[in-house]
Amino acid sequence: MIRKNSRALIVLALSVFCIMRSFAQIRPEWTHPFPAFHIAGNLYYVGSEDLAAYLIVTPQGDILINSNLASSPPQIKKSVESLGFHWSDIKILLISHGHYDHCAGSAEILRETHAKYEVMAQDVSVVQSGGATDFHYANDKSMHFPPAHVDRILHDGDTVSLGGVTLTAHLTAGHTRGTTTWTFDEGEASRTLHVVIVGSPNVNPGYKLVHNARYPQIAADYRHGFAVLKNLPCDIFLGAHGGYFDLEAKYPRFKAGDKNAFIDPAGYKAYLADREQAFEAELKKQSTAHH
Ligand SMILES: [Zn+2]
């Protein structure tokens with residue numbers, strides 16, 4: 001009787017675990033507010049504690065990178081306005097990749113600002129279907145988000161220009177089919193700084209890197225992405241999550257007067273090496289399991 005009950009308990013616990021696992025986790029640091037601040041040149045941070053969003057201000061209007069969660073737009077708007085800029089000046093909306101933590105707010109932002117939505121070709125279907133065509137999360141409704149219409153389809157190496165600023169879209173796929181790393185140069189008084197906003201080199205839990213029928217070239221795409229990232233000149237190292245570039249540690253230094261806190265070419269290299277090693281280890285594990 002006791003045995004039977006404990007077995008029932010285990011089954012119950014397992015099913016609760018499975019139900020919980022199938023729901024998208026909104027981590028507290030994704031919604032915790034974070035002070036908006038000037039990074040360098042015309043580049044500003046307008047994201048939350050961990051979900052990064054960037055504003056690039058030009059005389060012809062502004063570019064916003066990442067719309068984050070469906071609940072994020074009011075928070076991003078508040079950040080933009082706290083810096084003295086106008087929400088309606090956002091003319092172009094870009095994203096790091098088509099997952100709900102970076103693009104779920106797009107539909108609302110596009111509606112409010114009338115910005116043009118410019119997305120890497122391989123993520124367009126995911127963005128326009130609200131995640132329904134995602135190679136991994138198609139059947140997980142908790143990972144879906146409000147669909148948004150894409151105005152311009154980008155391809156690897158395409159540029160986005162506004163008011164004298166030019167950003168380059170680098171396809172660094174694997175995490176999604178269209179994961180995009182953005183680069184541009186910040187001209188400051190006496191120097192030019194190469195900015196890199198990493199799209200995501202991470203292998204999510206459950207990703208199949210071997211014999212993935214829905215995304216056969218996934219492992220090759222990750223490898224190509226690492227090769228691309230390693231070749232990008234980087235002074236200011238940024239990414240889709242604050243955690244990639246250690247925003248939590250760098251911001252207090254920056255705030256205390258270290259204007260170079262985000263200039264971190266060594267940190268960029270170390271981050272890529274760490275992520276590449278994690279990817280190769282996971283690939284090896286999955287390849288071994290298949291033999
Ligand atoms: Zn993602």
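Reader: How are the donor residues of the zinc ion spaced in sequence?

Author: This is a predicted model. In it, the zinc ion is coordinated by His97 through NE2, His99 through ND1 and His175 through NE2, at 2.1 to 2.2 Å. Along the sequence, the spacing of these donor residues is H-x1-H-x75-H.

Reader: Which parts of the chain hold histidine 99 and histidine 175, and how many residues apart are they?

Author: Histidine 99 lies in the loop between strand 5 (90-94) and helix 4 (100-103). Histidine 175 lies in the loop between strand 9 (165-171) and strand 10.

Reader: Are histidine 99 and histidine 175 buried or exposed?

Author: Both residues are donors to the zinc ion, histidine 99 with ND1 and histidine 175 with NE2. As for accessibility, both histidine 99 and histidine 175 are buried.

Reader: What is the average pLDDT of the protein chain?

Author: Over residues 14-22 the pLDDT is below 50, and beyond near neighbours in sequence this stretch has three contacts in the model. Across the chain, 91% of the residues score at least 70. The average pLDDT of the protein chain is 92.

Reader: Why is strand 5 largely enclosed by the rest of the structure?

Author: Strand 5 runs parallel to strand 4, joined by four bridges, and the bridge partner of aspartate 62 is isoleucine 90 in strand 5. The chain gets from strand 4 to strand 5 through helix 3, in a right-handed β-α-β crossover. Strand 5 also runs parallel to strand 6, with two bridges. It is largely enclosed because, of its five residues, the number buried is four.

Reader: Which residue in strand 6 is the bridge partner of leucine 93?

Author: Strand 5 and strand 6 are joined by two bridges and run parallel. In strand 6, the bridge partner of leucine 93 is tyrosine 117.

Reader: Where around the axis of helix 5 do its buried residues lie?

Author: The buried residues of helix 5 (residues 106-113) are Ser106, Ala107, Ile109, Leu110 and Thr113. They cover an arc of only 165° around the axis, so they lie on the same side of helix 5.

Reader: Which elements do the buried residues of helix 5 pack against?

Author: Helix 5 spans residues 106-113, and Leu110 is one of its buried residues. The elements that the buried residues pack against are strand 4 (61-65), helix 3 (73-82), strand 5, helix 4 and strand 6 (116-120).

Reader: Why does threonine 113 count as buried?

Author: Threonine 113 is found in helix 5. Leaving aside neighbours within four places in sequence, threonine 113 is in contact with Trp87, Ser88 and Ile90. Buried means under 20% relative accessible area. Threonine 113 counts as buried because its relative accessibility is 6%.

Reader: What is the phi of histidine 114?

Author: Histidine 114 follows helix 5. Its phi is positive, near 60°.

Reader: In which sense do strand 10 and strand 11 pair?

Author: A hairpin of two residues joins strand 10 to strand 11. Aspartate 185 has histidine 194 in strand 11 as its bridge partner. Over seven bridges, strand 10 (residues 180-188) and strand 11 (residues 191-198) pair in a sense that is antiparallel.

Reader: Which residue in strand 12 does valine 198 stand opposite?

Author: Strand 11 and strand 12 (residues 236-239) pair in the parallel sense over four bridges. With helix 7 (residues 218-231), the two strands make a right-handed β-α-β unit. In strand 12, the residue opposite valine 198 is glycine 239.

Notes
Residues are numbered from 1 along each chain as its sequence is written. This is a predicted model: local features need pLDDT of at least 70, side-chain atom pairs count only at pLDDT 80 or more; totals for chains, interfaces and linings use all residues. Side-chain values use heavy atoms; hydrogens and water are left out. Two strands pair if DSSP finds at least two bridges between them. A crossover is right-handed if, with the strands pointing away from the viewer, the path from the first strand over the helix to the second runs clockwise. pLDDT is the predictor's confidence in each residue, from 0 to 100. Contact means heavy atoms within 4.5 Å. Donors are N, O and S atoms within 2.8 Å of the metal (3.2 Å for Na, K and Ca); water is not among the atoms, so sites may look incomplete. Buried means under 20% relative accessible area, exposed over 50%, partly exposed in between (1.4 Å probe, protein chains only). The arc is that of the directions from the helix axis to the C-beta atoms.
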